[in-house]
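I opened a new structure today and kept notes as I went. Each entry records what I looked up and what came back.

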Amino acid sequence: ADDASDAKQQHQVMNFYPFNDIETISPRPMLFIAGTEAHSREFSEDAYKRSAEPKELHWVRGAGHVDLYDRVRLIPWAKLTVFFSHHLGQRATPADN
């Protein structure tokens, strides 16, 4: 690749905003999980506002931005179980195909 195409590609990556078309994910369910102490909290709020239904926003009290990656005691397992059981339970089973 030449320098001009590299510069164009870098420009495209720098201008990419993942929430621009988030509403097009609907009607697929979306679950946003964020920590109340996360420095990125505003991005979770923005993504939630921009997304269409069905959607849920779940706050983990006291968790920061990276706490939910590996601090397993903070991960809301019950919320994940309920969300996925509800939404995946609506999918066809292999016997229905």
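The entries below go from the overall layout to single residues.

**Entry 1: layout**

I noted at the start that this is a predicted model. I counted the elements next. The protein has 4 helices and 2 strands. Along the sequence I read the pattern α-β-α-β-α-α. I then checked burial: 23% of the 97 residues are buried. I also looked at the contacts between residues at least 6 apart in sequence. Of these, 72% join residues at least 24 apart.

**Entry 2: the two strands**

How do S1 and S2 run? I found them parallel, with 6 bridges joining S1 to S2, residues 55-60. One position I looked up was Ala 34, which stands opposite Trp 59 in S2. The chain passes from S1 through H2 to S2, and I logged this β-α-β crossover as right-handed. I then asked how S1 sits in the structure. It is largely enclosed by the rest of the structure, because 5 of its 6 residues are buried.

**Entry 3: aromatic pairs**

How many aromatic pairs does a search of the whole structure find? It finds 2. I took Phe 32 and Tyr 48 to begin with. Their ring centres are 6.1 Å apart and their planes meet at 85°, so I wrote the pair down as edge-to-face. The cut-off for that label is over 60 degrees. This pair links distant parts of the chain: Phe 32 is in strand S1 (residues 30-35), Tyr 48 is in helix H2 (residues 41-50), and they are 16 residues apart. Phe 32 is buried, at a relative accessible area of 11%. Tyr 48 is partly exposed, at 25%.

I then turned to Phe 83 and Phe 84. They form an edge-to-face pair, with 5.4 Å from centre to centre and 85° between the planes. Phe 83 is buried at 5% relative accessibility, whereas Phe 84 is partly exposed at 41%.

**Entry 4: charges over rings**

I looked for charged ends placed over rings. Lys 55 lies over the face of Tyr 48, 4.3 Å from the ring centre. The charged end of Arg 41 sits over the ring of Trp 59, at 4.1 Å from its centre.

**Entry 5: the nonpolar core**

Which residues make up the largest nonpolar core? I listed 5 in all: Phe 19, Ile 22, Met 30, Phe 32 and Ala 47. As background, nonpolar side chains in soluble globular proteins tend to be buried together. Beyond its neighbours within four places in sequence, Met 30 contacts Ile 22, Ile 25, Ser 51, Pro 54, Lys 55, Glu 56 and Phe 83.

I looked up Ser 44, in helix H2. Is Ser 44 buried or exposed? It counts as buried, at 16% relative accessibility; the cut-off is under 20%. Leaving out residues within four places in sequence, Ser 44 contacts Ala 34 and Trp 59.

I went on to Ala 38, in the loop between S1 and H2. Ala 38 is buried, at 10% relative accessibility. What does Ala 38 touch, not counting residues up to four places away in sequence? I found Ala 63, Gly 64 and His 65. The C-alpha atoms of Ala 38 and Ala 63 are 6.5 Å from each other, though the two are 25 residues apart along the chain.

Leu 68 came next, in helix H3 (residues 67-70). I have Leu 68 as buried, at 18% relative accessibility. Its contacts, not counting residues up to four places away in sequence, include Ile 33, Ala 34, Gly 35 and Val 60. Ala 63, Leu 74 and Ile 75 are also among them. From Leu 68 to Gly 35, 33 residues apart along the chain, the C-alpha separation is 7.6 Å.

**Entry 6: cis peptide bonds**

Most peptide bonds are trans. I looked for cis ones here. Ser 26 and Pro 27 are joined by a cis peptide bond, with omega about 15°. Pro 27 is in the loop between helix H1 (3-14) and S1. The bond from Glu 53 to Pro 54 is also cis, with omega near -5°. I placed Pro 54 in the loop between H2 and S2. Pro 54 was already in my notes as a contact of Met 30.

Key. Residues are numbered from 1 along each chain as its sequence is written. This is a predicted model: local features need pLDDT of at least 70, side-chain atom pairs count only at pLDDT 80 or more; totals for chains, interfaces and linings use all residues. Side-chain values use heavy atoms; hydrogens and water are left out. Rings of Phe, Tyr and Trp (its six-membered ring) pair if their centres lie within 6.5 Å; planes under 30 degrees apart count as stacked, over 60 as edge-to-face and the rest as tilted. Buried means under 20% relative accessible area, exposed over 50%, partly exposed in between (1.4 Å probe, protein chains only). A charge sits over a ring if NZ of Lys or CZ of Arg is within 6 Å of the ring centre and within 35 degrees of the ring normal. A nonpolar core is a set of buried Ala, Val, Leu, Ile, Met, Phe, Trp, Tyr and Cys residues joined through side-chain atoms within 4.5 Å. Contact means heavy atoms within 4.5 Å. Two strands pair if DSSP finds at least two bridges between them. A crossover is right-handed if, with the strands pointing away from the viewer, the path from the first strand over the helix to the second runs clockwise.
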